[in-house]
Amino acid sequence: MIGTLFRSEDVPAEDRFAYWRELVGRTRSPHDISSVHATDFRAELRLMEMGPVTVWPSSFLPARYRRSPQQVRRSDPETYHLTLLLDGELALDHAGRNSTFGPGDLHLVDSSRPYDLRSVDDGERRVVRGVGVDFPKALLPVPTHRIEQLLGRALSGREGTGALLTDFLVGLSRQAETLQPSEAPRLGTVVLDLISALCAQALDSEGALSPETRQHAMAERVRSFIRQNLHDPELAPPTIAAAHHISLSYLHRIFQQQGQGETVAALIRRQRLEGARRDLADPALRGSPIHSLAARWGLPRASDFTRAFRAAYGLAPKEYRLQALSERAKKPEPTSVRSRPGLLAVPHAG
């Protein structure tokens, strides 16, 4: 598991807002937090440290977050904060801009400048949900004077590189329970490369990125394309290269350098088998024929699927399904990992 989970329901109602302020205050640069819902505040946050990058999916009742010029002068961790908004509406005053954001928007904030970020509360206690990313400014390979053009602006997370970044951040949140701490630094590098590519795309200055960063971003585009098209039996390196307007040799070279020794074909095969394995272990799908589950993952030939599955997992699909469903029936439903007051150690992201 990556990250520490906080849920307000684990804290007495009268202490929830104070605890939330303390928690967020230790995660980000100093600022003030207020809310008209402070007496019955509800929030949830998972803090995921990935090397120098900190990712924190969160949801909370409408609140206001202000960093004053005095606070900037007193303490500046020299970080950028990127926010992906998934639900709710936010308004931001920052770097001379006044903007509003809705679901699917991204925006960037500089800790070296004051800001006023607030929920647009409709009076119905509508929860705001999103993913924040904190990282040192020095790690962004785009000149500071160019980044200033993006501060406080709405950047789309619904298309292009923004959509890739959105998918990756949402995926990190969903898979936090299964990801291993040893994977965190590499995942943080991917996050930073996608943010760099997003900024360069927004500035139309992709040439400012290093070849390595461009390769990382392209590799993630390819991985995202593969995840979305695993159902297609024709998915193969030539079709992937054509879809991304790159040569087949360049595609293989990217994966040789970025894929930790795994080829494109091996990645497709592994992800298809993993998808089929999850379906075989799902009680809700116990009535679905094995060959149909395999076909939905782009493996229409039953004999090929059985042979590949046995080679990967040591059991035939039918044997694996019986074993997995039997073991699952014996186990109680897992409970969520929850942090309790006094046990949560949150290092400062800056």
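Which residue takes a positive phi in the hairpin of β3 and β4? Read on to View 2 for that one. First, some housekeeping: this is a predicted model, where local features need pLDDT of at least 70, side-chain atom pairs count only at pLDDT 80 or more, and totals for chains, interfaces and linings use all residues. Residues are numbered from 1 along each chain as its sequence is written, and side-chain values use heavy atoms, with hydrogens and water left out.

**View 1. An open sheet of seven strands, antiparallel in its pairing.** The strand order goes β1-β3-β4-β11-β6-β9-β12. At the edges sit β1 (4–7) and β12 (155–156), each pairing on one side only. Helices and strands here are DSSP runs numbered from the N terminus (helices H or I, at least four residues; strands E, at least two), and two strands pair if DSSP finds at least two bridges between them. Strand β4 (residues 53–60) is tied to strand β11 (residues 128–136) by seven bridges, the two running antiparallel. Within that pair, S58 stands opposite G130 in β11.

**View 2. Strand β3 and its partners.** Six of the eight residues of β3 are buried, so the strand is largely enclosed by the rest of the structure. Buried means under 20% relative accessible area, exposed means over 50%, and partly exposed is in between (1.4 Å probe, protein chains only). To β1, β3 is joined by four bridges, in antiparallel fashion, and T4 stands opposite L47 in β3. To β4, the pairing is antiparallel over six bridges, with S58 in β4 as the bridge partner of L45. And the opening question: it's G51, with a positive phi near 65°, in a hairpin that has two residues between the strands. As a reminder for looking at the side chains, those of a regular strand alternate between the two faces of the sheet.

View 3. For the angles, axes are lines fitted to C-alpha atoms (for helices, over the stretch in contact), and values run from 0 to 180 degrees between N-to-C directions. Contact means heavy atoms within 4.5 Å.

**View 4. An open sheet of five strands.** Here the order is β2-β5-β10-β7-β8, and the pairing is antiparallel. The edge strands, each pairing on one side only, are β2 (32–34) and β8 (97–101). From one strand to the next, the twist averages 10°. Three bridges link β2 with strand β5 (residues 64–67), again antiparallel, and S34 has R64 in β5 as its bridge partner. Helix α1 shows up here too: it packs on this sheet, touching β2 and β5, and its direction makes about 150° with that of β2.

**View 5. The largest cavity.** The count comes to two cavities of 30 Å³ or more, and the largest holds about 190 Å³ of space. On a 1 Å grid over the protein atoms alone, a cavity is a set of points where a 1.4 Å probe fits but cannot get out, while a pocket is an open set with protein on both sides within 12 Å along at least five of seven lines; lining residues have an atom within 4 Å of a point. Grid points are joined across faces, edges and corners, and a volume is the space filled by probe spheres set on the points. Of the 17 residues lining this cavity, W56, S58, F60, H81 and T83 lie nearest its centre. Two or more lining residues come from each of α1, β4, β6 and β11, with β11 giving the largest share, five residues. By class, the lining has ten nonpolar, five polar and two charged residues. Ala, Val, Leu, Ile, Met, Phe, Trp, Tyr, Cys and Pro count as nonpolar, Asp, Glu, Lys and Arg as charged, and the others, Gly among them, as polar.

**View 6. The largest pocket.** About 1400 Å³ of space lies in this one. Its lining has 36 residues, and F168, Q175, L179, R227 and Q271 lie nearest the centre. Helix α6 (211–228) is one of the elements that supply at least two lining residues, and its seven are the largest share.
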